[in-house]
Amino acid sequence: MTESVERSVHAELVAVLVAVTNGEPRVLTTDDARALPAGPFELSHRSLQAGLRAWVETQTHHPLGYVEQLYTFADGDRSDESGARVMSVSYLGLTREAGETGVAQVGWQDWYRYFPWEDRRAGTPALVDAQIVPRLLAWCDDTAEAATRSRRRQRAAITFGLDGAAWNEDMVLQRYELLFEAGLVPESARRQPGAAAAVLPGEPMRHDHRRILATGIARLRAKIKYRPVVFELMPAQFTLLQLQLAVEALAGRGLHKQNFRRLIEQQALVEETGDMATGTAGRPAKLFRFRRDVLLERAIAGSKLPLSRGL
């Protein structure tokens, strides 16, 4: 008779907590920048979101504001040290960075530290053409099956904008997963014992937290095009330049200044405060605030990012 072994399932709550500080996208991390805030769902938690808030505030001393459920990761090979299967329920949170956390091993990191190929605000990063593309193409050809070579080449073209394909900033997760499958990130070696993953620039994270972070970045990049969630990341008063820099930081793309301002005006999302920014170089700039009635009434309807030419 075959003996059946029952495996338990643990539920983990993971937070992708994002801020924009000085025009840079930031993510709150634990374990000396190697993990995202996370903890197990416990019977004492009133709900999944309540459990998440409790864990984040306990681990980081940072209160959560806007939060939405991101994705549930329940792959069959996700397990902890005891062999129990782990299901991770992830959330995306938007907030403002409040300086030092005051907690050891907890801090804010630039999210391009983990995904340097995603920052195209100044054009295509050098590492894409110098390192990623050659290694991806070598992987595409590293099979005897013509159909497999073709599928791999097509995926590489679509995700990294090769062979005339356009770069899609929303495909953060697809790009990471392609690099993972090709064995080009350190996390690949964890799933394939004995494999020596090529080391590309970009910090790895514990478990599959970099994959979860990629999912959060992708969600936010897509969301800023149809809902005004960037408001959650801005101070009460700001200049239009500060708003543009925040959107550029999140999207990883440079935006056309006049078209961006025209879009904001057309959507009637902001209003002048009557004050001027002080202490900045150049001419004083008008300060704006978001119209809260607009936030309650509607979302941005199908707006595309007004990209700068050539980016």
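These legends describe close-up views of a predicted model.

**View 1. The second largest pocket and its centre.** This pocket has a volume of about 240 Å³. Its lining counts 13 residues. Closest to the centre are Val 20, Thr 21, Asn 22, Arg 96 and Pro 235.

**View 2. The make-up of the pocket lining.** Seven residues of the lining of the second largest pocket are nonpolar. Four are polar, and two are charged.

**View 3. Elements that line the second largest pocket.** Strand E1 (9-21) supplies at least two lining residues. Helix H7 (240-251) also supplies at least two. The largest share belongs to H7, with three residues.

**View 4. The second largest pocket and two domains.** Domain 1 spans 9-114, and domain 3 spans 235-301. Both give residues to the lining, so the pocket lies between them.

**View 5. Helix H1 from end to end.** H1 covers residues 48-60, 13 residues in total. From its first C-alpha to its last, the helix reaches 18 Å. That is close to the 18 Å expected at 1.5 Å a residue. Just after H1 comes His 61, with a positive phi of about 65°.

**View 6. The buried residues of H1 and their cover.** Buried in this helix are Ala 50, Gly 51, Leu 52, Val 56 and Thr 60. What covers these buried residues? The cover includes strands E1, E2 (24-29), E4 (66-73) and E5 (85-94).

Definitions and conventions: Residues are numbered from 1 along each chain as its sequence is written. This is a predicted model: local features need pLDDT of at least 70, side-chain atom pairs count only at pLDDT 80 or more; totals for chains, interfaces and linings use all residues. Side-chain values use heavy atoms; hydrogens and water are left out. On a 1 Å grid over the protein atoms alone, a cavity is a set of points where a 1.4 Å probe fits but cannot get out, and a pocket is an open set with protein on both sides within 12 Å along at least five of seven lines; lining residues have an atom within 4 Å of a point. Grid points are joined across faces, edges and corners, and a volume is the space filled by probe spheres set on the points. Helices (H or I, at least four residues) and strands (E, at least two) are DSSP runs, numbered from the N terminus. Ala, Val, Leu, Ile, Met, Phe, Trp, Tyr, Cys and Pro count as nonpolar, Asp, Glu, Lys and Arg as charged, and the others, Gly among them, as polar. Domain bounds come from an automatic or database domain assignment. The expected span of a helix is 1.5 Å times one less than its number of residues. Buried means under 20% relative accessible area, exposed over 50%, partly exposed in between (1.4 Å probe, protein chains only). Contact means heavy atoms within 4.5 Å.
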